[in-house]
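Here is a quick tour for anyone meeting this structure for the first time. Have a look at it, then read on.

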2 protein chains.
Amino acid sequence: MEKTDAIDGKVDEASSREGSVCGYDSLHHLLSANLKPHLFQEVSRILLGLNCGKALETISLPESAKALSSGHDFDLQAYCFLADKELLREPRIVRVGLIQNSIALPTTAHFLDQKRAIFEKVKPMIDAAGASGVNVLCLQEAWTMPFAFCTREKRWCEFAEPVDGESTRFIQDLARKYNMVIISPILERDVNHGDTIWNTAVIIGNNGNIIGKHRKNHIPRVGDFNESTYYMEGNTGHPVFETAYGKIAVNICYGRHHPLNWLAFGLNGAEIVFNPSATVGELSEPMWPIEARNAAIANSYFVGSINRVGTEVFPNPFTSGDGKPAHADFGHFYGSSHVSAPDASCTPSLSRHRDGLLISDMDLNLCRQLKDKWGFRMTARYDLYADLLARYVKPDFEPQVISDPLLHKKSP
Amino acid sequence: MEKTDAIDGKVDEASSREGSVCGYDSLHHLLSANLKPHLFQEVSRILLGLNCGKALETISLPESAKALSSGHDFDLQAYCFLADKELLREPRIVRVGLIQNSIALPTTAHFLDQKRAIFEKVKPMIDAAGASGVNVLCLQEAWTMPFAFCTREKRWCEFAEPVDGESTRFIQDLARKYNMVIISPILERDVNHGDTIWNTAVIIGNNGNIIGKHRKNHIPRVGDFNESTYYMEGNTGHPVFETAYGKIAVNICYGRHHPLNWLAFGLNGAEIVFNPSATVGELSEPMWPIEARNAAIANSYFVGSINRVGTEVFPNPFTSGDGKPAHADFGHFYGSSHVSAPDASCTPSLSRHRDGLLISDMDLNLCRQLKDKWGFRMTARYDLYADLLARYVKPDFEPQVISDPLLHKKSP
C-alpha cells in the first residue's frame with residue numbers, strides 16, 4: 001500500500017534542514033527492507049512489542065477506500081490489536097482512524113483559499129475512513145491551517161474559529177454521514193471571552209452533534225514553537241468524552257511530554273487518548289515513539305499519535321534564537337503517526353513524508369485486562385503523590401534530600 | 001570489547017522459554033552488524049536519539065580494567081555524554097558505572113556459599129570500575145541472591161540482611177578503596193521493626209560511610225514476580241542523596257512503571273536516578289528502553305537502568321498462574337543495562353546474556369540545560385495535578401466525564 005522507493009536509505013540532500021537520511025518512508029520500512037526476515041522479527045519483538053515478533057494482523061479494507069488512497073495519493077494502512085476473550089464481557093472492538101497531512105496551498109495564498117484547500121484535501125481521507133467503517137477519527141493539531149506559530153506574526157490568528165465555526169460544520173456533516181465520532185483540533189476563537197484564542201480539540205459525536213471541547217493544557221516555549229505567543233494554557237481540565245464507541249480524551253501536542261497530563265486522562269477513565277501534534281525532526285523525532293508508548297503502558301489505554309507531514313515555508317524569514325541566520329521554514333514535520341497499545345505493542349508508523357490514514361481495530365477490553373495483569377493502578381500509591389504535589393506547589397517546598405555528612409569535610 | 005559471534009541472529013533453541021531469537025548480544029549489535037553504515041546511522045538517530053546518528057564517543061579505559069574484563073569474562077563498555085559548555089558554570093562530569101551479572105552458584109548450594117560466590121564474582125567488576133575511575137557505581141536489584149520470589153518459598157528470606165550487614169561491609173571497603181559512591185540494592189532485614197523485610201538500596205558514600213537507604217516504593221504482583229509475598233511498600237519516601245558526585249536517587253525495579261515515582265525523585269532534585277531491576281524477556285523486554293528513556297526525558301535527569309542476566313533454576317517447581325505446567329525457572333533475565341540522558345539520547349545496551357560493566361561519563365550540567373530548553377518543569381501546572389490527586393484518593397471521586405447526550409437515545 002505504500003511507496004517503497006528509496007527505502008534503501010538514499011540521502012535526499014534537498015531536505016537539508018532535516019539534517020539526516022530522509023529518502024525512506026518509515027523506520028519500520030527501512031528495517032523490514034534491510035534485515036533478514038528472522039532478524040526483523042526479533043527487532044519487531046523488542047521495538048514494536050509484538051508477541052514473538054509476529055506482525056500485527058492487517059485489516060482488509062473495501063476497494064472504495066483503496067481507490068481513494070491511490071486516487072488522492074495518501075498512505076492507507078490498517079492493523080488489528082487483539083485482546084483475550086473474556087467470559088463475562090463481549091469484545092468491545094472499535095475501529096479508530098488517524099489522519100496526517102501536509103497543507104494544500106502555499107502559505108502566501110489567501111487564508112480562505114488555504115483553509116478551503118485543506119478541507120478539499122482532507123475530505124477524501126475522511127471519506128476513506130467512512131468507507132472503511134471507522135468509528136472514531138482524529139485529525140492533526142490545528143488541521144485547518146499551516147503551523148504558523150514559528151513566525152510570531154499575529155495575522156495568522158485569523159485562522160481561529162469559534163467551536164461552532166466553519167470547520168466544525170464541515171466535520172459535523174461528515175460525522176453524521178458516516179456515523180463516526182470525529183476529533184477536530186483547531187485554533188479556537190473564544191468570542192464570548194474577549195476574542196481570546198485557544199488551541200482546542202472539538203469532539204463531534206456520531207450524530208454530528210458537538211459533544212464538547214478540550215483546550216490544550218501545556219504550551220511549549222521551545223525552538224520555533226512560539227505557541228505561548230498565541231494562546232494560553234487550557235482551562236477545561238482533563239475531560240474524558242463518553243461517546244458511542246468508548247471513552248476518549250485528547251492530549252494535544254506538547255502535553256505528551258507531561259506524564260501527569262497523560263495520567264489525568266487515565267484517572268478520568270479514558271480508554272483511547274489521541275495526541276494530535278505538529279513536531280519536527282530535529283527537535284523531537286527520537287522522543288516521538290517513546291512518550292506515546294510509555295503513556296499507553298503506564299495508563300493502560302490506547303494512544304493514537306498524529307503528526308503533520310511536510311515542510312511549510314512562510315512568507316517572511318524569522319530567526320530561531322539559536323544564532324543561525326533567519327530562515328522561512330519550521331523544519332520537516334515527520335508524520336509517523338501510529339497507535340500504541342497498553343500491552344506495549346504498537347503499529348508501524350505512517351510515512352515520514354506522505355499524507356496518510358492509519359486505521360486500527362482495538363478491543364477496548366484490553367485496557368482492563370492490562371490493569372488486571374500489571375496492577376499499575378492498584379500499586380500506584382496516589383496518596384503519596386497527592387501529598388508531595390500539595391507540598392511542592394508551595395513556595396517554601398523543601399525537597400527530601402539526604403546529604404552525605406562527610407560531604408563538606410573531605411571533598412574528592 | 002564484546003563478543004560478536006552469532007550476531008547474525010542464530011536461533012538458540014536451548015533458551016526455549018525465552019521464545020525468540022536469542023543468539024545475539026544486543027539489539028544494538030544486531031542492527032549495527034546487519035545494516036549498511038548509513039542506514040544504521042539513521043536508525044541510531046531515531047532509536048538512540050543520537051544527534052545526526054553519530055555514535056556516542058567511547059571512553060578509553062585503563063589496561064588493568066580491560067584485563068579484568070577479559071580475565072573474568074564480563075562485557076566492558078564505556079561512553080561519553082556531552083553537554084554544552086556554559087559561561088558561568090564549570091562542567092560537572094561524573095563517571096557512572098552499572099553492573100549486571102548472573103548468579104554464581106546453583107540455587108541448590110548452601111545460601112552462604114551462594115552469597116559469597118556472588119561477592120567473589122562481582123568483586124573484579126567493582127575493581128574494574130575502580131580502576132576506571134568510576135565515581136558512582138550501582139549494582140543490580142537484590143544482587144546478593146538469586147531472584148527467588150517466583151518460588152513463594154519463605155526460606156529465601158534468609159538472604160535478607162540489616163542495612164549494616166555483611167554485604168554492606170563488603171561494599172564499604174571497596175567504596176573507601178576506590179573513593180567511589182556505591183549503591184547496593186539488597187533484601188533488607190529490619191531487625192528493629194520486628195524482623196520485617198524490605199527491598200532496599202543502601203547508599204554508601206565515597207568514604208565508605210552509609211549515607212542512607214531507600215526502600216522500594218511499588219511492589220509487583222505480576223507473573224512470577226510474587227514480591228508482595230515477601231515485602232511491603234517502602235516507607236522512606238523519595239529521597240535524593242547528595243553525594244560528592246551529584247544528587248542521586250534510586251527507583252527500584254517495578255517503580256519504573258510508575259511515572260509518579262520517577263517524577264517524585266525529579267521534584268526532590270535528582271540528577272541521576274538508578275533503576276536496579278530484575279526482569280524477564282517474555283514479560284517486559286519491549287517496555288525496558290521506553291520507560292527509562294521516557295523518565296529521563298520527562299524529568300530532565302540521567303537514568304541508569306540495570307537488569308540481571310541469565311536463567312535461574314530453582315530446586316522446587318512452581319506454577320505461574322497461567323494454566324501452564326509447573327516449571328523451575330523464572331525465564332531469561334535479559335540484561336540490557338543502559339544509560340538514558342535527558343536529551344533523549346542513550347547508550348547501547350550491555351549484552352542480553354553476559355555479565356557486564358557499563359561506564360558512562362555525563363556532564364550533569366546537561367540536566368539544567370534541558371530544563372531550560374524544553375521547559376517541562378515550568379509548563380507542568382503541578383497545581384492542577386495536586387488538586388486532581390487530592391480528589392482522586394477520596395472514595396467518592398467523580399471522574400471528569402462529558403457524555404454524549406445522544407448516547408442513550410440512538411445507539412449505533
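## Two domains in chain A

Between domain 1 and domain 2 of chain A, about 1700 Å² of area is buried, and carbon and sulfur atoms give 47% of it. Keep in mind that this is a predicted model. The domain assignment puts residues 1-54 of chain A in domain 1 and residues 56-374 in domain 2.

How far apart do the C-alpha centres of these two domains of chain A lie? The answer is 23 Å. On the contact itself, domain 1 of chain A brings 16 residues and domain 2 of chain A brings 24 residues.

## Where the chains meet

Now for the two chains. The size of an interface is often given as the accessible area lost when the parts come together. For chain B and chain A, the buried area is about 9000 Å², with 66% of it from carbon and sulfur atoms. On the chain B side, Trp374(B), Tyr385(B) and Gln400(B) lose the most area to chain A, and together they make up 8% of what that side buries. Counted by residues, 98 from chain B are in contact with 98 from chain A.

## A helix with a buried face

Let's zoom in on helix α10 of chain A, which covers residues 382-392. Its buried residues are Tyr382(A), Tyr385(A), Ala386(A), Leu388(A) and Leu389(A). Looking down the axis of α10(A), you'd find these buried residues within an arc of 165°, so they line one face of the helix.

What do the buried residues of α10(A) pack against? Part of the answer is in chain A, where they meet α6 (259-267). The rest is in chain B, where they pack against α6 (259-267) and α10 (382-392).

## Rings and charges

Phe147(B) sits in the loop between β4 (136-138) and α5 (166-178) of chain B, while Phe333(B) belongs to strand β13 (residues 327-334) of chain B, so the pair ties together parts that are 186 residues apart in sequence. Phe147(B) counts as buried, at 0% relative accessibility, and Phe333(B) is buried with a relative accessible area of 0%.

Chain A also has a cluster joined by ring pairs: Phe147(A), Phe149(A), Phe225(A), Tyr230(A), Tyr231(A), Phe330(A) and Phe333(A). The ring of Phe333(A) has the charged end of Arg308(A) sitting over it, 5.8 Å from the ring centre. In chain B, the charged end of Lys154(B) sits over the ring of Tyr230(B), 5.5 Å from its centre.

## One valine and its neighbours

Last stop: Val94(B), in strand β3 (residues 93-100) of chain B. Is Val94(B) buried or exposed? Val94(B) is buried, with a relative accessible area of 5%.

Leaving out residues up to four places away in sequence, Val94(B) touches several others, including Asn135(B), Val136(B), Tyr245(B), Ile272(B) and Met362(B). Val94(B) and Gly246(B) are 152 residues apart in sequence, yet their C-alpha atoms are 7.9 Å apart in space.

Notes: Residues are numbered from 1 along each chain as its sequence is written. Chains are lettered from A and ligands numbered from 1 in the order in which they are written. This is a predicted model: local features need pLDDT of at least 70, side-chain atom pairs count only at pLDDT 80 or more; totals for chains, interfaces and linings use all residues. Side-chain values use heavy atoms; hydrogens and water are left out. Buried means under 20% relative accessible area, exposed over 50%, partly exposed in between (1.4 Å probe, protein chains only). Helices (H or I, at least four residues) and strands (E, at least two) are DSSP runs, numbered from the N terminus. The arc is that of the directions from the helix axis to the C-beta atoms. Contact means heavy atoms within 4.5 Å. Rings of Phe, Tyr and Trp (its six-membered ring) pair if their centres lie within 6.5 Å; planes under 30 degrees apart count as stacked, over 60 as edge-to-face and the rest as tilted. A charge sits over a ring if NZ of Lys or CZ of Arg is within 6 Å of the ring centre and within 35 degrees of the ring normal. Domain bounds come from an automatic or database domain assignment. Buried area is the accessible area (1.4 Å probe) that two parts lose on being put together, summed over both.
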